[in-house]
Amino acid sequence: MSLEAHLETTRVAYDVHRVRKDFPILSRKVQGKPLVYLDNAATSQKPASVLKAIREYYESYNANIHRGVHALSIQATEAYESVRRRIQEFVGAREAREVVFVRGTTEGINLVAQTFARRRMREGDEILISGLEHHSNIVPWQILCEQSGAKLRVIPLNDAGELMLDEYEALLTQRTRIVALGHVSNALGTINPVKQMIAAAHRKDIPVLIDGAQAVPHLRVDIQDLDAEFYVFSGHKMFGPTGIGCVVGKAALLEEMPPYQGGGDMIKSVSFEKTVYNDIPYKFEAGTPNIAGVMGLGAAVEYLTAVDHLALEAYEHELLEYATQAVSAIDGVRIIGTAAKKTGVLSFIVNDVHPHDVGTILDREGIAVRTGHHCAQPVMQRFGVPATIRASLALYNTSGEIDALVRGLHKVKEVFG
Amino acid sequence: MSDLRSLYQEIILDHNKNPRNYRAMEDADRSLEGYNPLCGDHYTIYLKLDGGVIADISFTGSGCAISKASASVMSTVLKGKTREEAERFFVLFHDLVMGQRDPAKNLEELGKMAAFGGVSEFPARVKCASLAWHTLKGALEEKTIAVTTE
């Protein structure tokens with residue numbers, strides 16, 4: 001079957017034009033041209049249902065949670081806790097109390113580093129991450145290394161941007177105290193074989209944290225199947241609001257961990273002599289949380305749950321194939337990151353034109369891409385480039401938008417001769 | 001296309017492709033690094049001073065067309081100028097890319113630098129244009145810590 005025919009078949013199962021109507025921002029113009037939003041790995045757009053959930057909370061039951069006996073507080077608390085249960089189902093956690101609300105993936109990784117990992121770390125111990133990581137899954141571990149005298153070890157990449165699994169096995173040593181690994185690379189789109197990698201770590205009794213920020217918008221995640229000790233993700237990359245995310249952790253581990261921050265809501269009783277901490281997950285949710293964010297995240301989970309996931313994954317895969325062929329056919333374009341398994345991320349460079357100049361020219365065409373190091377400087381160093389142009393796809397992107405990107409890239413070549 | 005041409009003027013494209021004074025200077029009196037952590041633009045400016053005069057100026061490094069052309073044009077403008085003149089050019093250039101000086105009305109004074117008049121309409125690119133100039137200023141002030149635009 002031709003690619004066009006393939007796309008047509010997928011279109012039958014997955015109606016992208018109907019999906020687009022759910023996202024109000026997609027009808028706006030930029031520089032007088034229809035917005036072509038291809039920066040989804042940075043943050044995704046929000047469907048109307050997410051915006052409505054946030055608005056409804058503020059308009060009709062805004063109150064603090066876990067405190068008041070009044071109607072609004074009870075309603076807000078119930079709504080807040082029902083989102084926790086929805087997330088439990090969404091990622092397949094065993095219990096709702098395994099879901100801890102945090103500001104996002106970054107805070108989640110810092111939480112695990114400072115409460116779970118720090119107590120286990122002795123001088124000379126090792127923390128194993130990969131060469132694909134986002135800075136948010138590098139720097140918290142470097143801080144922990146400084147605090148404890150532990151050493152950071154890094155799983156290398158091959159030229160396609162895939163982790164080298166033999167090297168990984170060799171790097172799992174008696175000193176390895178934790179493996180922290182991205183599920184999907186934000187810079188290249190590589191999907192790591194995390195289930196297999198978690199199993200390898202577990203054979204040596206090493207716990208694993210998975211940074212799922214780039215996975216949850218695209219893949220069905222089953223935490224029990226993966227068996228990670230901690231799975232961390234953000235709301236805003238999966239069509240929810242900014243400032244909210246989750247750490248999903250095994251209950252037994254969460255229970256033995258000390259609190260991350262002290263304050264209200266994370267305690268059972270406080271006196272100047274002794275304070276008793278609350279149960280999980282509340283022990284990790286000090287202070288008034290981002291309640292509106294939780295409501296928005298709940299709506300985002302509902303939105304993603306309603307999508308036919310097999311059709312979506314097939315559609316996104318076809319769209320990536322289409323984009324890869326169209327962009328790599330342009331003279332002087334080199335794609336960085338050609339893993340066999342990828343989500344919709346196309347990182348590339350244009351010969352003799354700096355990515356920022358490409359970004360500016362594309363912007364004038366209404367096309368939003370990310371240019372730079374994508375908070376993954378070690379990945380850039382691995383491929384010997386200071387920066388790339390990254391087009392990252394989401395469930396509302398179309399082949400017509402890829403065509404617009406290609407036209408924009410031809411304009412780049414026109415300007416730079 | 002017209003607004004893009006106002007940013008990527010011929011002078012800028014030419015200096016990007018064939019940067020002038022693009023070399024390390026072994027016997028420089030002063031050199032200083034400048035970088036833009038957000039974009040990754042990264043240059044070193046070298047100066048040879050003869051009393052109060054910039055006897056020679058060169059640069060190395062990499063970055064976008066705007067930043068590279070800016071460093072190149074700057075080097076051609078400042079060679080042989082006094083320190084005071086260089087400071088005067090710094091202010092001129094700064095005002096130009098911040099949109100506070102109309103290139104059309106100051107053509108004589110600005111010379112080749114007028115090519116950067118379009119930058120003010122691209123706020124995200126002002127830092128690219130001014131990186132080399134800030135680095136130069138740091139070098140003249142005998143700074144030893146790398147200059148950043150953040």
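Author: Asp159(A) forms a salt bridge with Arg382(A), the closest N and O atoms being 2.8 Å apart; a salt bridge is a side-chain nitrogen of Lys or Arg within 4 Å of a carboxyl oxygen of Asp or Glu. This is a predicted model, in which local features need pLDDT of at least 70, side-chain atom pairs count only at pLDDT 80 or more, and totals for chains, interfaces and linings use all residues. Residues are numbered from 1 along each chain as written, chains are lettered from A and ligands numbered from 1 in written order, and side-chain values use heavy atoms, without hydrogens and water.

Reader: Which domains does the assignment give for chain A?

Author: Domain 1 covers 3-30 + 308-416, and domain 2 covers 51-306; such bounds come from an automatic or database domain assignment.

Reader: How many residues of these domains are in contact?

Author: In chain A, 33 residues of domain 1 are in contact (heavy atoms within 4.5 Å) with 27 residues of domain 2.

Reader: And what area do the two domains bury?

Author: Domain 1 and domain 2 of chain A bury about 2,500 Å² between them, 59% of it on carbon and sulfur atoms. Buried area is the accessible area (1.4 Å probe) that two parts lose on being put together, summed over both.

Reader: Turning to chain B, how many residues does the contact take from each chain?

Author: Twelve residues come from chain A and 20 residues from chain B. The two chains bury about 1,400 Å² between them.

Reader: Which residue forms a salt bridge with Asp357(A)?

Author: Arg125(B) does, with the closest N and O atoms 2.8 Å apart.
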